[in-house]
Amino acid sequence: MRSRLTTGLLIGALATASVARGDSPRKPTLESIGNQVMCTCGCNAPLTKCPHIDCSTKAEMEAYIQKGIAEGKGETAILQDLTLRYGVQVLTAPPARGFNLAVWILPGIGLLLGLTAVVVIVRRWRRRPTVVLPTTSGSADPNVLAAVEEEMKSTGLGVRD
Amino acid sequence: MNQVGSVGLIAALAFAAFALVAGAVGGKLRSLLAARSAERATLAFFAMITLAVVALEYMILTDDFHNAYVAQHSNRDLLTYYKVAALWAGQEGSLLFWAWLLSIYSALAVWQNRRKNRQLMPYVVSVLMGTGTFFSLLVFFVANPFQELSLVTSTGTQPFTAPDGNGLNPLLQYHPMVIHPPMLYLGYVGMVVPFAFAMAALITRQLGDNWIRTTRRWTMVPWMLLGCGILLGGNWAYAVLGWGGYWGWDPVENASVLPWLSGTAFLHSVMIQEKRGMLKVWNVVLVILTFFLSIFGTFLTRSGIVSSVHAFAQSNIGPFFAVFLAIILFFSLTLLFLRLDHLKSENKLDSIVSRESGFLFNNWILLALVFAVFWGTLFPVISKAVQNVTVTVGAPFFNKVAIPMGLLLLLLTGAGPLLAWRKTSFQSLKRNFTLPLIVALVAGGVLLAAGVRDFYAWMTLFLSVFVGVCILGEFWKGARTRMKTAHENFALAIYNLTMRNTRRYGGYVVHLGIVLLFIGFAGQAFKVETKGLMQQGDLLRVKNYLLRCDGLTTGDNPNYEYTRALLTVTKDGRAFASMHPEKRFYKASQQPTSYVAIHPTLAEDLYVVLAGMDPDTGKAIIQVFVNPLVMWVWIGGVVVLLGTLLALVPSRVEREMAELRSAHELTAQASDAF
C-alpha cells in the first residue's frame with residue numbers, strides 16, 4: 001500500500017512538473033513574451049497589463065523584446081536575455097528547477113494527498129458501525145412525519161435532499 | 001472632531017475589552033448578570049465605533065484638512081460619493097471601517113440571539129469582542145485616523161491646516177469602487193460570526209447541529225457579499241486598469257478568493273453534518289480556516305509582505321496581524337483538539353456513489369485549490385527566506401494549477417446534486433445523466449465543427465452544457481411532477497416548487513450562475529487584441545470592427561484634465577457605436593490614468609483604451625480588445641447573488657416544520673405542566 005502511494009505521488013508530481021515546464025517552440029510575439037514577464041516600473045503587473053499611462057519602463061522593455069524578435073531569437077532566448085538583464089523576478093512564474101521546482105510540484109502533491117485522505121476517510125466510514133444516539137420518547141411526532149410524507153408525495157422527489 | 005473620534009475609539013476599546021472578559025466570566029460562572037453586561041457592552045461598542053466613523057466622515061465631507069487622514073485621502077473638488085468612499089481609501093480609515101462592520105455584525109448577532117442560544121452567547125460575545133479589542137487597539141494606538149496635521153519648523157512641530165488635500169487615488173475614482181471595498185470587508189468581517197459560534201460550541205461542548213443551523217445564514221451572507229466584492233473588484237480591474245482582463249492572480253485578489261473557496265467548502269460539507277451527523281471535526285476545521293484566511297487576507301493587503309498592484313494601504317502593521325493570526329490558530333486548534341471526543345460521526349457511509357461522497361470530492365478539490373493558491377501567493381516570501389532570491393509567481397502558474405481543478409469543480413457542480421443521499425443506484429445514474437451527456441456531446445461536436453480548438457475552452461463549454469442540462473433538468477422534473485399532481489401550469493409549478501424548498505432550488509440557481517461564470521471565463525481563450533496610432537481620419541481594423549478616429553479633444557474640470565479620442569465604430573460595414581476613451585490627469589494627486597470605453601454585448605465586448613500619445617508623431621496610441629463572453633461573467637455573478645438570496649429565504653416546508661415543532665413543544669410543555 002505504501003509503495004503504491006509513493007509511486008502515485010511521484011507520478012503526480014512528475015506530471016505536474018512536466019506540465020509546468022511546457023516550453024513550446026512557437027514563434028515569439030510581443031504579447032506572448034509580454035505575458036511571461038513583469039513590468040519593472042514597480043506596478044507589480046505583467047508587462048502587457050501595466051496600468052501606468054505612458055510607462056517609460058514598459059516602452060523600454062517592449063523595445064528590447066521587439067529587438068530580440070527582429071533578430072530572429074526564440075522565446076526561450078529572449079526570456080533568458082530578459083532574466084540576465086532584470087533578474088529572475090522579471091519572469092511571471094519561476095522556472096521549474098532547483099528550489100523553485102517546489103512551487104510547481106507541491107500543489108500536485110497536495111491534490112494527491114487530499115485524494116488519499118478522501119479515500120482513507122471513505123474506507124473508514126464504510127467499515128464503521130452506525131452510532132445509535134439516545135432518543136427521547138415520542139421524538140418522532142406523527143404530525144411531523146405526516147407533513148414530511150405529504151411533502152415528499154407532493155414534490156415526487158424521492159430521497160434526494 | 002478629532003477629539004470626538006478619539007473619545008469614541010477609546011470608549012469602544014474599553015467596552016470591547018469589558019465584553020471580552022464579562023462574556024468569558026458569564027459563560028464560565030453561568031452568571032446571567034455578567035452575560036447580559038457583555039451583550040450590552042457589545043451594543044455600546046457598536047455605538048462608540050459608529051461615533052468615531054461619523055466623526056471621520058464629517059471631517060472628510062466638510063474638507064477639514066487639519067486632520068492628516070483627510071488631507072491625505074480627500075480634496076475639495078472630489079465628488080461627494082467619492083468623499084464618502086475616502087473613509088476606506090487609506091490604512092487608518094479602512095481599519096476603522098473594519099472595526100465598524102465588526103461592531104454591526106456583533107450587535108446583530110447579540111440582538112438576533114437575545115432569546116436563544118443562551119448557553120453559547122456569552123462565549124460568542126467574548127470571541128466577537130476579542131476580535132473587536134484587537135481592531136480597536138490597532139486603530140487607536142497604531143493606525144489612528146484622528147491625528148492632526150502638523151508642520152515641522154525650526155521652532156518645533158506646529159498644527160497645520162492644508163489649503164487642499166492630496167485627493168483620492170485616481171484608480172479608486174470609479175463608481176463600483178464605492179461599494180467594492182465595503183462588500184469585500186462585509187465578507188471578510190462576517191466570517192467572524194460562524195467562527196465565534198464554533199468556538200462557543202467547542203467551549204460549551206454543545207457540538208450537535210444547533211451551532212451549524214444557527215450559523216448557516218451567518219455564513220451564507222458574508223460568503224455572498226465576499227463573492228460580490230470579488231466580482232466588483234474584477235469589474236473595477238476590467239474597466240479601470242485598461243489591460244482588457246478582469247482577473248490577474250494578484251496576491252491581494254488571491255487573498256480575497258481564499259476565504260470564499262473555504263467558505264464554499266464549509267457551506268457544502270455542513271449539509272453532511274445536518275443530514276447524516278458526519279464530518280463534525282472537518283466542519284469546525286473549515287470554519288477556523290475560513291476565519292483565519294479572512295484575517296490573512298487583511299494581513300496580506302496591509303503588511304506589504306508580498307508585492308501587489310493593490311498597494312493602496314501598506315504599512316508596518318504586519319507584525320500585529322501575524323500575532324493575532326497566531327493567537328487565532330493556537331486558541332482554536334487547542335480547543336478543537338481538546339474536544340475531539342465530542343465530535344464523533346454518527347453514521348457510516350453506505351456507498352461510494354452517494355451525495356456524501358460527492359461533497360467529500362467537492363471539499364477535496366476546493367481545499368486543494370485553497371492550498372495551491374495560498375502556496376503560490378506565499379512562495380515569493382518563502383523563496384526570499386530560503387534562497388535569498390526574489391521570484392514572482394503570477395498568472396502562468398495559477399492558470400496551470402487552477403484551471404484543471406476548476407473544471408473538476410464545474411463537473412461536480414452538475415453531478416453532485418443529482419446523487420442521492422446514502423446510495424445512488426446505477427439505474428438512477430443512467431436516468432439522470434444520459435440526456436445531459438448526449439446534449440453535451442452534441443454541443444461539443446458543434447463547438448469542434450465551429451473551430452474551437454483550445455482544449456480548456458472546449459472542455460469548459462462542454463462541461464457547462466452538461467451541468468446546465470443537469471440543473472435545468474432538475475427544475476423540469478420537479479415542475480412536471482407538480483403539473484401532474486397539483487394541476488398547476490408550468491410557471492406556477494416552478495414557483496411553488498422553488499418556494500417549497502428554497503434552499504435546494506436556490507442552490508441550483510447558484511450552480512447555474514457558476515456555469516455562466518465559467519462560460520464567461522472560457523471566452524478569454526478567444527480574445528483578440530490590436531494597437532495602432534491614430535489621429536483624425538485614421539482607421540484601425542480589429543476582427544470585423546472598423547474604428548475611425550473623428551478627432552481628439554481636450555477638456556478640464558475641477559478634478560482632472562483629459563484628452564478624449566472620438567471614435568466611430570462600424571461592424572461588418574454597419575454603424576455600431578461611438579466610443580470615447582480618455583486619458584485623464586488628476587490634479588490633486590498629479591497622477592495620470594485611463595478611462596476605458598467599453599461597448600458590451602452578450603457575445604463580446606469591444607474594449608478601447610487611449611493608452612497615451614506617441615511622442616514622435618503626436619498621434620494617440622489606441623489599443624483595442626475584442627473580449628468574447630465577458631458579459632456572462634457579470635450575469636453569472638448576478639445569478640449567483642440571486643440564488644444565494646433565494647436560498648436565504650425560509651422555505652414553506654421549513655416554516656411549516658417550524659410551526660409544527662413549536663406546536664409540539666407547546667403541547668409537550670402543557671402535558672409536562674399537568
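Two residues count as being in contact if their C-beta atoms, placed from the backbone, lie within 7 Å. In chain B, 73% of the contacts with a separation of 6 or more link residues 24 or more positions apart. This is a predicted model, in which local features need pLDDT of at least 70, side-chain atom pairs count only at pLDDT 80 or more, and totals for chains, interfaces and linings use all residues. Residues are numbered from 1 along each chain as its sequence is written, with chains lettered from A in the order in which they are written.

Chain B holds 20 helices and twelve strands, which are DSSP runs numbered from the N terminus (helices H or I, at least four residues; strands E, at least two). Its radius of gyration, taken over C-alpha atoms, comes to 28 Å, close to the 26 Å of the globule rule (2.2 Å times the number of residues to the power 0.38) for 674 residues, so chain B is as compact as a globular protein of that length. Along the principal axes, the C-alpha atoms of chain B fill a box of roughly 95 × 80 × 55 Å. Of the 674 residues in chain B, 52% are buried, meaning that 20 or more other C-beta atoms lie within 10 Å of the residue's own, again placed from the backbone.

One helix pair in chain B is H10 (residues 251-276) and H13 (residues 355-387), whose axes come within 9 Å and cross at roughly 160°. Those axes are lines fitted to C-alpha atoms over the stretch in contact, with angles running from 0 to 180 degrees between N-to-C directions. That makes H10(B) roughly antiparallel to H13(B) (an angle over 145 degrees).

As for chain A, an automatic or database assignment gives domain 1 (25-93) and domain 2 (99-130). The centres of these two domains of chain A, taken over C-alpha atoms, are 38 Å apart.

Technical notes:
A residue is buried if 20 or more other C-beta atoms lie within 10 Å of its own, exposed if 12 or fewer, and partly exposed in between; C-beta atoms are placed from the backbone. Angles under 35 degrees count as roughly parallel, over 145 as roughly antiparallel, 65 to 115 as roughly perpendicular and the rest as oblique.
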